[in-house]
Amino acid sequence: MNPLFLFSSFGCNSDLNSKAPAEYLLIEEQLEYSAEWLEAADIDGDGDDEIFLYNKGKLQIGATDARVFELEAEPKLAVHKKTAGGEELIVAFGSSRTYSSAPLQIWRFDDEGEQMLWSLEKGQLGDLQYTDEGLFVVFSTSDGLKSGWLKENSIDIVLEERLALRQLPIERSLIAVGRVYGDEPRSDGDLRLYNVKSKEFSPLPSFRGIRALALSDLNQDGEQELLVSDGWHFKYGTEAKARVVLFDGIDSAEPPRLLASFEGEYTVERITPHEKEPLILVRAPKHGYLLQLDSLGWKRHQLSQLGDRGNIVFYEEGGTISILSSGAKVRKIALKKESK
Ligand SMILES: [Ca+2]
Ligand SMILES: [Ca+2]
């Protein structure tokens with residue numbers, strides 16, 4: 001794919017058109033610590049990320065001189081909140097085989113300490129998103145699946161919709177809603193926009209069911225692009241397709257564009273765009289992947305194998321972007337800008 005075509009189809013005519021995207025060399029090393037799950041956020045605001053390492057009920061903040069937070073629960077998803085002094089990390093914890101009676105809990109971590117924002121007995125997390133409007137939580141209980149904004153200590157419910165496990169607010173009153181299945185058992189899922197004021201859905205094009213949603217301004221033109229993993233099928237072993245597509249604005253008449261497909265994987269579970277560079281981390285069942293925009297289009301790099309619960313995140317230190325991958329030995333993959 002020609003990058004000029006890509007950027008012009010973004011509706012962008014900034015200097016990105018004339019600037020070739022950076023090309024990177026991936027330099028992998030194995031670190032001396034383990035993590036069943038990990039995260040990175042600059043909570044002290046000095047420009048370098050702090051590393052969060054979770055192992056067996058303990059979340060260690062910082063690789064050295066560490067603060068330790070103990071909780072009988074397992075981290076599920078985390079989101080970053082920008083603050084005047086850096087970042088906060090917001091983590092949803094829940095039950096697992098080891099912690100079978102753990103409630104669903106949402107905690108905020110900053111440089112000073114941690115604070116529980118919300119908890120729900122016997123709740124299961126569907127999705128967690130942070131936008132300028134606040135924290136948006138999708139969760140299920142015995143009453144069904146609900147979603148809404150966290151306000152004080154409770155969730156201000158905006159939608160109760162079966163099977164709509166993935167939800168992402170485009171704005172306060174407009175939510176992108178992805179279902180794994182449709183109304184009929186085993187039928188294909190779909191992608192729709194929910195208007196909170198009119199309480200109506202409008203369809204967006206998708207190939208079957210949805211497993212992940214993300215928003216990012218990949219070309220830095222001030223407009224967010226919607227990234228979607230579709231292709232889910234109930235016979236996932238043989239029929240499902242693992243794909244990531246991009247919508248150039250949700251009101252665009254253009255069909256979504258396929259950024260990458262992942263042979264040998266049956267779905268994409270999580271899409272993590274970088275905040276500043278056209279880089280996207282993709283978590284699939286077997287491997288992590290990096291999508292990188294270079295002069296030929298979106299290039300796909302297969303990263304380390306991941307366990308059932310492991311994850312991959314971006315990490316920034318000394319101005320260098322790296323990828324951290326969980327495991328018995330954490331892997332760090334530095335993205336070194338290639339000199340030409
Ligand atoms: Ca820092
Ligand atoms: Ca954009």
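**A working chat about the chain**

Guide: Leu227 stands opposite Leu246 in β20. That is our way into this predicted model.

Visitor: Okay, and which strand does β20 pair with over three bridges?

Guide: β19. The two run antiparallel, and β20 covers residues 243-247.

Visitor: What sheet are they in, and what's the strand order?

Guide: An open sheet of four strands. The order is β18-β19-β20-β21, with antiparallel pairing.

Visitor: Which strands stand at the edges?

Guide: β18 and β21, the latter being residues 257-261. Each has a single partner strand, so one side of each has no neighbour in the sheet.

Visitor: And what does the twist average from one strand to the next?

Guide: It averages 20°.

Visitor: Is Gln220 exposed, partly exposed or buried?

Guide: Partly exposed. Gln220 has 16 C-beta neighbours inside 10 Å.

Visitor: What about Glu152, what's its phi?

Guide: About 55°, so positive, and Glu152 is not a glycine either.

Visitor: Where is Glu152 found?

Guide: In the loop between β12 (144-151) and β13 (154-160).

Visitor: Zooming out. How many helices and strands does the chain have?

Guide: One helix and 28 strands.

Visitor: How does the radius of gyration compare with the globule rule?

Guide: The chain's radius of gyration is 19 Å. The rule gives 20 Å for 340 residues. Those are close, so the chain is as compact as a globular protein of that length.

Visitor: What does the C-alpha trace span along the principal axes?

Guide: About 50 × 50 × 45 Å.

Visitor: What share of the residues is buried?

Guide: Of the 340 residues in the chain, 40% are buried.

Visitor: Last one, on contacts. Of those between residues at least 6 apart in sequence, what share joins residues at least 24 apart?

Guide: That share is 40%.

Terms used
Residues are numbered from 1 along each chain as its sequence is written. Chains are lettered from A and ligands numbered from 1 in the order in which they are written. This is a predicted model: local features need pLDDT of at least 70, side-chain atom pairs count only at pLDDT 80 or more; totals for chains, interfaces and linings use all residues. A residue is buried if 20 or more other C-beta atoms lie within 10 Å of its own, exposed if 12 or fewer, and partly exposed in between; C-beta atoms are placed from the backbone. Two strands pair if DSSP finds at least two bridges between them. Axes are lines fitted to C-alpha atoms, for helices over the stretch in contact, and angles run from 0 to 180 degrees between N-to-C directions. The radius of gyration is taken over C-alpha atoms; the globule rule is 2.2 Å times the number of residues to the power 0.38. Two residues are in contact if their C-beta atoms, placed from the backbone, lie within 7 Å.
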